[in-house]
Amino acid sequence: MSTSWRAEEVAAGFEAYDDLPERRIGYPFVFETLGIGDPAVTRVLDYGCGPGKVAERVVDACASTVVAVDSSPAMLEIARRQRAHPRIDYRLVHDERLVFLPEDSVDAAMCCYVFINIGSLERITRIAAEVHRVLRPGGRYAVLDTNPNTTGIRFSTFRSGDPGRRYAPGQRRRVLLYRPDGHTLELTDHHWPPSTYHHVLAEAGFGGITTHEPLWDGGHGPEDELAEGNERSHPPFLIVTGEK
C-alpha cells in the first residue's frame, strides 16, 4: 500500500469516527480553559486540525476566527470539502513551522491528539515553541491527548494501547477506533508520560502549567450516551494547559 493511499485511508477513518467521549469530556474543558466565547478571544489556533471537526465546533460556539493547520494534505482536503467556513482558514504546515503567522497573533491555541501522533520529542518541542511564538502574552494553550495513565483501557469508542502492557516514552502503541458502522480502524500512536507534556510546555516558555484528567458525570440511566464505557471511573483524556 502506498503512503499516499494509507494517508487517505486514515483520514477517511477519522472522518467516520464518532468522537463521542471527546465531545462530552475533552473538548468542553479545552474550550472553557481557552476562553472560547470570551469577546477577548477573537482568533484561535487549532494546530493539528485533522478533518476540521474541532475548528467547526469553535466557530459554531462563538464569533472567533480559527486558523486550522495540519501537516496532512489528505486531512485538509476533507476539512475544506466538508467543513468550509468563512471564519476558518485551513493551512498546510511543513516542519512544524507556522511561517504564515507573525508573533503574538492569536489569542488562544490548542493541539488535540497531536503529540500522541508524533514519535519525535524534537518535533513536539518545535510545535510547542511555534505555538508560544504566535500566541499573544496572556493567551492560553491547551494540549488534549488520550491519557497515558489509562493506556489499555477500553472506552466507549476507542482503546489506546494493549491491556496490561507498559510503554516507554515515545514507544509506538496500537490504537483501535470503534466506528459507528461496526468497523474498527487500527492505527498506531506514541506513548508520552505526563512529565513529557509538562517538560515540553515549560521548555517552550509557558507558565502556570496545569494537568486535568476529567471524568464523565453528565448523564444517568439508559439514555446516558457513555453508560457502557469506562469514562466514569477512568479518565480517558489528559489535558495540559499553560499560559504565555
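In what order do the three strands of the open sheet lie, and is their pairing parallel or antiparallel?

## The open sheet

The order is β6-β7-β8, and the pairing is antiparallel. Strands here are DSSP runs (E, at least two residues; helices are H or I, at least four), numbered from the N terminus, and two strands pair if DSSP finds at least two bridges between them. The edges are formed by β6 (158–160) and β8 (184–190), each of which pairs on one side only. Neighbouring strands of the sheet are turned by 15° against each other on average, direction ignored; axes are lines fitted to C-alpha atoms, for helices over the stretch in contact, and angles run from 0 to 180 degrees between N-to-C directions.

Strand β7 (residues 172–178) is joined to β6 by three bridges. R159 has L176 in β7 as its bridge partner.

## Basis of the model

The model is predicted: local features need pLDDT of at least 70 and side-chain atom pairs count only at pLDDT 80 or more, while totals for chains, interfaces and linings use all residues. Residues are numbered from 1 along each chain as its sequence is written, and side-chain values use heavy atoms, with hydrogens and water left out.

## Helix α6

Helix α6 (residues 194–204) has T196, Y197, V200, L201 and A204 buried (under 20% relative accessible area; exposed is over 50%, partly exposed in between; 1.4 Å probe, protein chains only). These residues lie on the same side of α6 because they cover an arc of only 120° around the axis, taken from the directions from the helix axis to the C-beta atoms. The face turned away from this buried side carries the exposed residues S195 and E203.

The buried residues of α6 pack against α5 (121–134), β5 (135–146), β9 (207–212) and β10 (237–243), contact meaning heavy atoms within 4.5 Å. Just after α6, G205 takes a positive phi of about 110°.
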